[in-house]
Structure formats: C-alpha cells, structure tokens
Amino acid sequence: MLYPKNSIDKLGFTEVKELIKAHCLSIMGQQMVDKIQVMSNYEQISKFLNQAHEFKNILQNDAALPIHHFFDVRSLANKTRLEGAFLTEEEFFQVQTSLATVFAVIAYFNEREGQ
C-alpha cells in the first residue's frame with residue numbers, strides 16, 4: 001500500500017494509463033490497461049522490468065512486430081456456440097484476420113526464442 005493515499009494521483013499514474021490507452025490498437029488492449037495497478041513487490045517489479053527491457057531490445061534491434069488487425073472476437077465466439085448460428089462474411093473476416101495476426105506474432109517470437 002502506498003502512503004499517502006493520494007500518491008497515485010500525485011505521481012500521475014492515472015494520466016500515464018490514459019496516455020497508454022490512447023496508443024492501444026484495440027478495445028482489448030484498453031481493457032488490459034485498465035487492469036494495470038501500482039505494484040510494491042520488488043521481485044515482481046524486477047521481473048516485469050526485465051521482460052520490458054528484453055521486449056524493447058527486440059523491437060529496437062529486429063524486424064517490426066507483425067501486428068495489423070485486432071478485432072474483439074469474444075462476442076463472435078459466443079455467437080458460434082449457439083446451435084444453428086453462423087457468422088456473416090464480415091464477422092468471419094474479422095475472426096480470420098485476428099487469427100492470422102495472432103499466428104504471425106507467435107511465429108515472430110518463436111523465431112526469436114532464446115534472444
């Protein structure tokens with residue numbers, strides 16, 4: 001817990017989160033930013049800082065991350081659970097392009113495993 005209680009506001013934590021949300025490519029990214037909280041566990045902070053440093057190095061010294069299309073397909077997945085339901089062409093295209101992006105990102109990191 002931080003002391004004083006308004007430390008988060010004084011440090012500009014909320015404003016930083018809003019700036020991050022402005023750069024998100026999808027609603028799902030914005031929802032993840034909403035979940036960001038202040039951390040006080042040193043080991044956890046150190047782990048996340050190391051991961052961020054590794055990711056920054058990959059982005060600066062390698063090819064661009066292949067992120068092109070992100071659609072929120074959760075509602076479409078729920079729709080397909082209903083018997084007799086089907087996706088429209090546009091909905092199917094959203095699922096297909098989202099999956100292509102996911103597979104491209106997975107391949108990107110698999111190619112760089114160990115870096």
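Ala, Val, Leu, Ile, Met, Phe, Trp, Tyr, Cys and Pro are counted as nonpolar, Asp, Glu, Lys and Arg as charged, and the others, Gly among them, as polar. The structure is a predicted model, in which local features need pLDDT of at least 70 and side-chain atom pairs count only at pLDDT 80 or more, while totals for chains, interfaces and linings use all residues. Residues are numbered from 1 along each chain as its sequence is written, and side-chain values use heavy atoms, with hydrogens and water left out.

**Pockets**

A pocket is an open set of points, on a 1 Å grid over the protein atoms alone, where a 1.4 Å probe fits, with protein on both sides within 12 Å along at least five of seven lines; lining residues have an atom within 4 Å of a point. A volume is the space filled by probe spheres set on the points, which are joined across faces, edges and corners. Helices are DSSP runs (H or I, at least four residues), numbered from the N terminus.

The second largest pocket holds about 250 Å³ of space. Its lining includes His23, Cys24, Lys35, Ile67, Phe70 and Arg74, and helix H3 (residues 27-34) supplies the largest share, four residues. By class, this lining has six nonpolar, four polar and two charged residues.

The largest pocket holds about 590 Å³. Of its 15 lining residues, Phe48, Leu49, Gln51, Ala52 and Phe55 are the closest to the centre. Helix H4 (42-61) and helix H6 (89-111) are the elements that give two or more residues to this lining, and H4 gives the most, with six. The lining has 13 nonpolar, two polar and no charged residues.

**Salt bridges**

A salt bridge is a side-chain nitrogen of Lys or Arg within 4 Å of a carboxyl oxygen of Asp or Glu. The model has three salt bridges.

| Salt bridge | N to O distance |
|---|---|
| Lys21 and Asp34 | 3.0 Å |
| Asp72 and Arg74 | 2.8 Å |
| Lys79 and Glu91 | 2.8 Å |

Lys79 lies in helix H5 (residues 74-80) and Glu91 in helix H6, so this pair ties together parts that are twelve residues apart in sequence. Relative accessible area is classed as buried under 20%, exposed over 50% and partly exposed in between (1.4 Å probe, protein chains only). Glu91 is buried at 17%, whereas Lys79 is partly exposed at 27%. Arg74, which also lines the second largest pocket, is partly exposed at 41%.
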